[in-house]
Amino acid sequence: MYTNCAWFGGKLFNAIVPKNEQISYSQPFDYSTIVPKSFPMSKYRDLPDPGYIAESISKVMSYSGWYSNYNIGYGALTNNTAVTVNRDGLTLQPRSLLAFYPQLTNYVKFIYSGYFSESENKMYLFTNGLANEKEFILTPFTSYLAIKPLDTKIKIIAAFHHPYDDKIGLVISNKGEIFTTNNWENTGKTALKPYVKYITSAANYFESGRIMILLRPDDKQTSANKSEGVRFIVYDYDQDKVITAPKLFEKESGFNFLKLQ
């Protein structure tokens, strides 16, 4: 089950290419959720998967946040490669999140969502897939990191802060529902349910009350060699309404760091 074709191909590929071109071939998976802890396999934390190789190569955005005082954004691509950007593109070359926070070694593959609170200068990150989920609170460009147990059974796929109070976190569940992070209350908003299988992340938009939701490519091909790339929709939190049809970053000006790599 573990040493499948993705494991063999991924190990071989990474052994012969430069380090900066290596790929992630295993998706995060906590075996202790299905295997008794007395079994050695319960300690495994990933599962080689051809589909994850494709997602790794596509550089899907996992989470992001904008710091308007400095006109820069923080975020992470697949496998938690940290990026710092402005409206035109990268300002620093991508680096593994572990380069800044080595304490995340056992968790980094399970971090799928997060948001940035500008008033607190804190990034809040959430795991998905562990037997005991975690929340991480960190300060960008410092060594500060707090690790807390995540006191909810909600499976979080994306997160953003409240449009009018960035001290209140909001998360999107794997059912498309939106919950607050201070008390895990269901907000009752349902407009994102039709998009739930495509959502990769969410970010507070530059227009008040609106959230940018990033979507996976829809598998349509414009040519034999190029996918349509990363898509997005704009969600109005107050109205609980998606106000744009899915758009392609490939065809939008600016935000070059989100375009198909």
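The following legends describe close-up views of a predicted model.

**Figure 1. Confidence along the predicted chain.** The mean pLDDT of the chain is 77, and 65% of the residues score at least 70. Among the elements of the chain, the lowest mean pLDDT, 54, belongs to helix H2 (residues 50–58). Strand S13 (residues 178–180) has the highest, at 97. Where pLDDT is low, the predicted coordinates should not be read in detail.

Figure 2. Ile-16 belongs to helix H1, which spans residues 5–16. Ile-16 counts as exposed because its relative accessibility is 64%, and the cut-off for exposed is over 50%.

Figure 3. Four aromatic pairs are present in the structure. One of them joins Tyr-115 and Tyr-124, whose rings are stacked with 5.0 Å from centre to centre and 10° between the planes. Tyr-115 and Tyr-124 are both buried. Tyr-115 also pairs with Phe-126: the ring centres are 6.3 Å apart and the planes meet at 25°, so this pair is stacked as well. Tyr-115 lies in strand S7 (residues 111–117) and Phe-126 in strand S8 (residues 122–127), so the pair ties together parts that are eleven residues apart in sequence. Phe-126 is buried, as is Tyr-115. Tyr-115, Tyr-124 and Phe-126 form one aromatic cluster.

**Figure 4. Charged side chains over tyrosine rings, at Tyr-237 and Tyr-198.** Lys-189 is placed over the face of Tyr-237, 4.4 Å from the ring centre. At Tyr-198, the charged end of Arg-231 sits over the ring, at 4.9 Å from its centre.

**Figure 5. The salt bridge between Glu-133 and Lys-155.** Three salt bridges are found in the structure. In the one between Glu-133 and Lys-155, the closest N and O atoms are 3.1 Å apart. The two residues are 22 residues apart, and their pair links distant parts of the chain. Glu-133 is in the loop between S8 and strand S9 (134–138), while Lys-155 is in the loop between strand S10 (145–149) and strand S11 (156–162). Glu-133 counts as buried because its relative accessibility is 8%. Lys-155, at 32% relative accessibility, counts as partly exposed.

**Figure 6. The salt bridge between Glu-135 and Lys-148.** Glu-135 and Lys-148 form a salt bridge in which the closest N and O atoms are 3.9 Å apart. Glu-135 is in strand S9 and Lys-148 in strand S10, so the bridge ties together parts that are 13 residues apart in sequence. With a relative accessible area of 11%, Glu-135 is buried. Lys-148 has a relative accessible area of 37% and is therefore partly exposed.

**Figure 7. The salt bridge between Asp-236 and Arg-210.** Here the closest N and O atoms of Asp-236 and Arg-210 are 3.5 Å apart. Asp-236 lies in strand S16 (residues 231–236) and Arg-210 in strand S15 (residues 210–215). The pair links distant parts of the chain, 26 residues apart. Asp-236 is buried, with a relative accessible area of 7%, whereas Arg-210 is partly exposed, with 25%.

Technical notes
Residues numbered from 1 in each chain as written. Predicted model: local features only at pLDDT ≥ 70, side-chain atom pairs only at ≥ 80, totals over all residues. Heavy atoms only, no water. Helix = DSSP H or I, 4+ residues; strand = E, 2+ residues; numbered from the N terminus. Buried < 20%, exposed > 50% of the residue type's maximum accessible area, 1.4 Å probe, protein only. Phe/Tyr/Trp six-rings, centres within 6.5 Å; stacked < 30°, edge-to-face > 60°. Lys NZ or Arg CZ within 6 Å of the ring centre and 35° of its normal. pLDDT = per-residue confidence, 0-100. Salt bridge = Lys/Arg side-chain N within 4 Å of Asp/Glu carboxyl O.
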